[in-house]
Amino acid sequence: MATCLCDAFFDDVARATVEVLEYLGCEVEFPEGQTCCGQPAFNSGDWPAARKVLRHLVDTFKGGEPIIVPSGSCAAMLYHGSLLAFEHETDLPEVEKVGQRTWEVLDFIVSGLGVKQWEGACEKKMAFHSSCHLRGSNSAEAARLLLGSLRGAEILPFKEQEQCCGFGGTFSVSFPAISADMGLLKLQNIREVKPDLLVAADMSCLMHLRGLSEKQGNPVPVRHAIQVLRDALVAEGKLR
Amino acid sequence: MNTEIPSHGQPIDRFAAAISGEVYESVHSSSAIKSDKRQALLAGDYPNPKHLREIAGQIKQHTLESLDKYLPQAVESLERNGVRVHFAANGEEARQIIGSLLAARGAKKVVKSKSMATEEIHLNDYLAANGVDCIETDLGEFIVQIDGDHPSHIVTPIIHKNRRQIAKSFEKHGLGAYNDDPETITRRARKFMRDKYMSADAGITGANFVVAETGRLVLVTNEGNSRFSLAAPKLHIALVGIEKLVPSDRDLSVFLNLLVRSATGQQFTAYTEFISGPHASGQPSGPEEMHVVFLDNGRSDILAGDCREILRCIRCGACLNICPVYRQASGHAYRSVYPGPIGAVLSPLLAGEKFPSLADLPKASSLCGACNDACPVNIPIPDLLLRLRDKGKREHAPLASRGVPPMGGFAGLASQPALWKGALLAGHVMNYFPVEWVPVPPLSKWTAQRTLPEFRGGEFRKWWKQRRQR
Ligand code: SF4
């Protein structure tokens with residue numbers, strides 16, 4: 001599943017996901033009818049609207065294959081949020097099944113496919129922002145493991161690392177002051193350690209943090225972890 | 001407390017934008033330090049702190065779900081210990097019960113140790129209006145009291161003040177010339193308090209736990225003020241929420257270990273008191289008469305609803321300390337006795353019919369889940385916030401939807417692939433249009449402080465098609 005953000009803004013992240021999975025020997029499908037995971041409506045408290053979107057999703061992703069998502073947030077919506085939204089609905093079992101098939105892509109690579117080390121190099125100091133919706137999953141650990149295994153890569157720890165970046169979906173527009181201040185604090189803590197690159201497993205956090213930093217006139221270079229892995233393969237001549 | 005609804009924007013966001021740098025600094029640094037200490041201590045002391053939190057959550061959940069068994073058992077045990085037990089359905093009843101107990105003994109001077117339940121029923125105002133001189137003996141609460149302020153945190157009520165501000169209020173209230181040395185402040189407060197303790201007619205406390213099996217009441221403090229509050233007075237009244245029960249003494253080991261580490265990042269507080277009844281013969285001192293007032297005040301309604309997990313709360317404040325929104329907005333932004341993540345769930349629920357006036361609180365969260373990870377009784381706070389958002393929407397509480405883009409149109413798009421693809425193409429106008437000038441929310445709320453990324457709708461789909469054709 002590409003996610004609505006990658007469908008609208010970050011096509012290269014979806015592309016990198018496909019390229020990496022194919023490199024690892026997976027056969028990738030992209031159901032054309034897909035849209036979004038319904039999280040914007042769910043988080044806004046409009047659960048009937050969220051259910052409408054999720055029912056469409058269940059329909060689009062029929063079958064038994066794993067559903068791979070380049071976003072911890074959308075993945076968590078499918079294996080956790082959706083169950084809340086459907087707790088009193090008769091079609092809960094179908095939603096549950098979709099949740100059980102869903103993986104955040106880095107977690108899938110490490111825990112699902114058993115890949116523990118990545119080929120190639122990335123001679124960069126990276127700050128890895130562990131997005132909140134990776135909590136309770138293996139994704140953050142998986143990302144650190146793979147990124148850290150790249151030749152020449154260094155992952156820098158920074159202050160208040162586990163704090164939220166302040167995006168929070170509709171929270172970013174309904175609480176604009178708090179959201180921006182949380183993001184600026186995150187940027188300050190990140191800049192302190194002077195990374196070459198800010199990496200995360202969710203484009204939403206990166207969109208927010210880059211957006212803030214650009215507005216400040218001091219843009220932070222950002223990249224999704226799956227892009228970093230893909231780029232390393234390309235540089236190594238393993239991928240074209 | 002001010003629960004008025006400001007005219008536009010989310011109240012908490014406006015509050016956060018308006019707080020002073022000084023308040024922000026006090027709240028942020030103190031809560032960050034406490035969070036770090038908590039995490040380090042738990043990780044150092046237990047092989048698997050998460051497991052311990054889960055056990056604690058299960059014990060509490062079990063107690064709540066069997067309250068019909070444990071509450072009568074607690075009453076029996078307390079009475080066996082010589083304690084008189086009362087039930088208050090709401091704040092009004094609780095105030096009256098306490099008022100008449102005081103009147104019956106002609107008690108005019110009261111020392112009170114920190115209790116959120118008494119805050120919840122605004123006991124101090126009631127007592128003052130009835131001519132009772134009631135002094136808060138916890139240093140933080142005392143400062144709040146002399147300043148006519150409100151606590152902004154459930155464990156550290158003056159987290160929003162720095163020592164310079166405290167020194168100033170001491171000076172203003174005749175407690176000595178300006179001196180912002182914390183030791184001096186504490187010494188002066190102690191001296192002032194000592195006389196109050198000795199001359200008090202009654203001591204009022206809350207309770208951290210009440211053990212159903214033994215009727216033991218547990219109080220945890222660092223200043224020893226609850227112990228002093230019960231030294232001289234002949235009457236002890238404890239106001240206790242019905243959710244404070246634990247089944248047996250054995251369970252206390254789990255809760256005391258977690259509570260103190262989670263609250264203050266200490267292994268143990270300086271004073272932990274186990275009170276098993278009034279003054280027994282042979283004891284050198286202690287109240288002759290002891291009453292426990294069990295407070296419902298909306299709790300049984302919460303227990304019957306789908307957010308009942310919130311009643312597991314042991315008021316440790318860890319969720320406040322870790323919460324990025326609380327750190328930005330501070331406690332007063334929540335306009336209720338319980339701020340932060342616990343307050344964002346509990347306050348609107350306790351408000352009962354007035355739910356709509358606090359329906360914005362559950363929205364004041366990026367749903368980051370840090371509170372859930374911190375909570376010693378493993379309350380799924382983000383899930384409860386989401387349930388309350390759903391409730392707010394269903395009940396059309398105006399504050400629940402303010403500033404949030406409507407989702408009906410979105411759902412229409414996102415459930416019809418043809419429309420969705422159309423929108424992905426149409427969106428490209430954004431790239432040729434100065435979107436930053438569009439003064440319409442939600443776009444303007446985004447672009448005021450952030451740039452928008454380049455719109456590339458449909459690009460991935462194009463790439464995908466070409467790749468398949470090869
Ligand atoms: S909700 Fe949990 S973390 Fe928050 S105060 Fe209560 S027990 Fe502590």
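A polar contact is taken here as a pair of N or O atoms within 3.5 Å, where, within protein, one atom must be able to donate a hydrogen and the other to accept it. Applied to this predicted model, that rule picks out 30 residue pairs in polar contact across the interface of chain B and chain A, with both partners at pLDDT 80 or more. Helix H23 of chain B (residues 459-469) gives the most to the side of chain B that touches chain A, putting in 8 residues.

On the chain B side 70 residues are in contact with 65 residues of chain A. Together the two chains bury about 5900 Å², and 61% of that sits on carbon and sulfur atoms. Gln449(B), Arg450(B) and Phe460(B) account for 11% of the area that chain B buries against chain A, more than any other three residues. As for charge pairing, 8 salt bridges are counted between chain B and chain A. Glu22(A) makes a salt bridge with Arg468(B), with 3.0 Å between the closest N and O atoms.

Strand S10 (residues 289-295) has 7 of its 7 residues buried, so the rest of the structure largely encloses it. Both of its faces are covered: Glu289(B), His291(B), Val293(B) and Leu295(B) are buried on one side, and Met290(B), Val292(B) and Phe294(B) on the other. S10(B) pairs in the parallel sense with strand S1 of chain B (residues 84-88) over 5 bridges, and here Ala88(B) stands opposite Leu295(B). Strand S7 of chain B (residues 235-241) is also a parallel partner of S10(B), this time over 7 bridges. In that pairing, Leu239(B) has Val293(B) as its bridge partner.

S7(B) leads on to S4(B), as these two strands pair in the parallel sense over 4 bridges.

S5(A) runs parallel to strand S3 of chain A (residues 125-129), and 4 bridges join the two; Phe128(A) stands opposite Val199(A). S5(A) also pairs in the parallel sense with strand S6 of chain A (residues 222-224), over 3 bridges. There, Leu198(A) has Val222(A) as its bridge partner.

Over all chains, the salt bridge count comes to 42. One of them joins Glu19(A) to Arg230(A), whose closest N and O atoms are 2.9 Å apart. This pair links distant parts of the chain, 211 residues apart, with Glu19(A) in helix H2 (residues 11-23) and Arg230(A) in helix H12 (residues 225-235) of chain A. Both Glu19(A) and Arg230(A) are buried. They also belong to a network of salt bridges that links Asp12(A), Arg15(A), Glu19(A), Arg223(A), Arg230(A) and Asp231(A).

In chain B, Lys196(B) and Asp133(B) form a salt bridge with the closest N and O atoms 3.9 Å apart. Here too the pair links distant parts of the chain, Lys196(B) in helix H10 (residues 182-199) and Asp133(B) in strand S3 (residues 133-136), 63 residues apart. Lys196(B) has a relative accessible area of 25%, so it is partly exposed, and Asp133(B), at 35%, is partly exposed. Glu395(B) and Lys391(B) meet in a salt bridge at 3.3 Å, N to O. Glu395(B) is partly exposed at 43%, and Lys391(B) is partly exposed at 23%.

Finally, a word on backbone angles. His122(B) is not a glycine, yet its phi is positive, near 50 degrees. His122(B) lies in the loop between helices H6 (116-120) and H7 (123-129) of chain B and, at 38% relative accessibility, counts as partly exposed. Arg335(B) has a positive phi of about 50 degrees and is not a glycine either. Arg335(B) is found in the loop between helices H15 (324-329) and H16 (340-350) of chain B. Its relative accessibility is 9%, so Arg335(B) counts as buried.

Note on methods. Residues numbered from 1 in each chain as written. Chains lettered and ligands numbered in written order. Predicted model: local features only at pLDDT ≥ 70, side-chain atom pairs only at ≥ 80, totals over all residues. Heavy atoms only, no water. Contact = heavy atoms within 4.5 Å. Buried area = accessible area lost by both parts, 1.4 Å probe. Salt bridge = Lys/Arg side-chain N within 4 Å of Asp/Glu carboxyl O. Polar contact = N/O pair within 3.5 Å; in protein donor to acceptor, adjacent residues only side chain to side chain. Buried < 20%, exposed > 50% of the residue type's maximum accessible area, 1.4 Å probe, protein only. Pairing = 2+ DSSP bridges.
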